[in-house]
Amino acid sequence: MTPGRRRLLIAGVILLIVALGWGISVIVEPAFRHTIVITTGADKGIYRGFADRYAPILKRDGITLDIRSSSGSNENYQRLKDPDSAYEVGFIQSGTTSPKETDHLETIAAVSYEPIWVFYRGGSADSTINQLAQLRGKRISIGVPGSGLLNVSQVLLGYSGVTRNNTTLLEMDAAKAYQALENGQLDAAFFIGRPDAPMQATLLNSNLKLMSFAQADALVQKFPSLSKVIFPRAATSIVNDLPQKDVTLVAATALLVARDSLHPALVYLLLDAAKTVHGGEDYFTPRGVFPNLNTEEFPVSEESERYFKTGRPFLQRYLPFWLASFVERRLLILLPFMALLLGLLQALPRMVEARIKKRLVVWYREIKALEDEIWKNSHPDANQIARWKDEIEHIDAHANQIRMPQSYFQDVYALKQAIAVVRNRIYRVAGEP
C-alpha cells in the first residue's frame, strides 16, 4: 500500500467513527421530553396541592406537568412500579408500602410532613381522648382504599388493640367523614394533611375535639416511618386561642418518588420545584428543613445526592434547560467516540514518524551488518575490500535518494555520518589514506 493510500485510509476511518457516533446519538436518543406524568391523590388533597404548585415552576423551563389524580399513596405506588404505565413521578407516604428492588423506583426527595389528625365528638370535660386504645368499640373512619392513611391508621390502631373484631372501622373520604362526625354517625375519624389545607382548616375551626397523642414517642419508636410533631397552641387562631394548648401529633413524610429511568435533567427540575414549594418554614419545621433526603423507604436518586451537595449541574446553571439537556445527551453518547478520535489523532503523528524513520532503519541495518563483517575480518584480501567499498557506496547512493520531509533532514544526515564512519574504517583496513 502506497503512503498516499494509507493516509486516505486513516482519514476515512476517522470520518467513519465520527459519523457512526453521531448516527447512534440520533437513533438511541428518544424524542425530547416536554411532559412529566405525575400521580398525586384526591383532587382536593395535599398531594394535588403540591403538584398544582409545581406545575407553573416547571412551565418556566418548558415542561408540562400532566397531573393525574388517584385514591392516594398506595395507588400511586402501584402505578409507578407498573412498567407499562405512563406514570413517571408521584407522591408516596412514608410507611405505606414495602418497596422492592425490582420496582425500579427512587426517592427524589422527602418534601413535607403529613400530620395525622384524629378528631372525635366532644362530650363531658372528662371524656378527653389522648390514647388510641380509648377508641375501642367506637365507630371510626380510617380513610379510603388505596390511600396511605388507611394503612397507617390500621397499623396505629392495631398497636392499641383496636381491630375490626372489636370496633366499627369504616372506609370514608375526608369530606364524608367530617359530615358523619357532625351528624353523629361517627365517633372519631382519621385525617391527614397540612393545617392550612381546606379540610384541616374546617376541622380545626369546628366544635370537634382534636386528639393529642400522649403515646407519640412509643408509637414513633414502633413505626419509624412516622415522626413526632407539635401543633402549637393558638396556631389555628390567636384571637380565639385555638387550640388552647400544644397538640402532639404523629406525622408521615411525603416522598417525591420517580422511576429510575427518569432523565436526570428532569430530576433536577423537579428538585428545583420542590425546593421552591417546600423550602419555607411551616407549623412543624423551620425554613430549609424540606426538601431533604432523610428517608430510607426507597433508594435515593444519585442526581438528588449530587443536587444537595453541589446544586444543579454546570450546564443547567447557565444554559436554558432544553439546550443543556441537548448538549448533555449528545456528549454522553459521543464521548466514547470523541475519546477514540482523540486517541487516533494523538497516535497519527507517531504512526507517520515511525513509517518515515522505517526508511532509514533499513539502511542502518545494512551499515551495521557491514561494520560487523569488517570487525570480524582483521586480514581481508583485496577482493573482499573491493566488495566492501562497492557495498558502502551502494548504501550511500540509496541514502541520497531517500525522500524525507524537511523536518527529518537531520535524520538523513545522521545516516550519512554513519556511512562516512564505516567508509573510513574500510579505507583504514585497506591501508589507504
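Predicted model: local features only at pLDDT ≥ 70, side-chain atom pairs only at ≥ 80, totals over all residues.

In the largest nonpolar core, which has 46 residues, the members that touch the most other members are Trp-117, Phe-119, Leu-132, Leu-156, Phe-190, Phe-213 and Leu-249. By nonpolar core I mean a set of buried Ala, Val, Leu, Ile, Met, Phe, Trp, Tyr and Cys residues joined through side-chain atoms within 4.5 Å. Buried means under 20% relative accessible area, exposed means over 50%, and partly exposed lies in between, with a 1.4 Å probe and protein chains only. The elements that each supply at least two residues of this core include strand 4 (105–120), helix 4 (148–159), strand 7 (188–192) and strand 10 (247–259). Helices (H or I, at least four residues) and strands (E, at least two) are DSSP runs, numbered from the N terminus. A second, separate core holds 32 residues, among them Phe-91, Leu-256, Ala-258 and Leu-271. As a general remark, nonpolar side chains tend to be buried together in soluble globular proteins.

Residues are numbered from 1 along each chain as its sequence is written, and side-chain values use heavy atoms, with hydrogens and water left out.

For the protein as a whole, there are 13 helices and 10 strands. Of its 433 residues, 42% are buried.

Let us turn to Met-211, in the loop between strand 8 (209–210) and helix 7. Is Met-211 buried or exposed? Its relative accessibility is 1%, so Met-211 counts as buried. Leaving aside residues up to four places away in sequence, Met-211 touches Val-118, Tyr-120, Ile-129, Asn-130, Gln-131, Leu-132, Val-247, Thr-248 and Leu-249; contact here means heavy atoms within 4.5 Å. Val-118 is 93 residues from Met-211 along the chain, yet their C-alpha atoms are separated by 5.4 Å.

Helix 8 comprises residues 264–278. Of its 15 residues, 11 are buried, including Leu-266, Tyr-268, Leu-271 and His-278.

Finally, the charged pairs. The structure holds 18 salt bridges, each defined as a side-chain nitrogen of Lys or Arg within 4 Å of a carboxyl oxygen of Asp or Glu. In one of them, the side chains of Arg-79 and Glu-75 meet at 3.2 Å, N to O. These two residues are separated by about one helical turn because they are four residues apart in helix 3 (residues 73–81). Arg-79 is buried at 15% relative accessibility, whereas Glu-75, at 27%, is partly exposed.

Asp-282 and Arg-194 also form a salt bridge, at 3.2 Å, N to O. Asp-282 lies in the loop between helix 8 and helix 9 (302–310), and Arg-194 in the loop between strand 7 and helix 6, so the pair ties together parts that are 88 residues apart in sequence. Asp-282 is partly exposed at 25% relative accessible area, while Arg-194, at 18%, is buried.

A further salt bridge joins the side chains of Glu-371 and Arg-425 (4.0 Å, N to O). Glu-371 belongs to helix 11 (residues 321–376) and Arg-425 to helix 13 (residues 409–430), so this pair ties together parts that are 54 residues apart in sequence.

How values were computed: Expected span 1.5 Å × (residues − 1).
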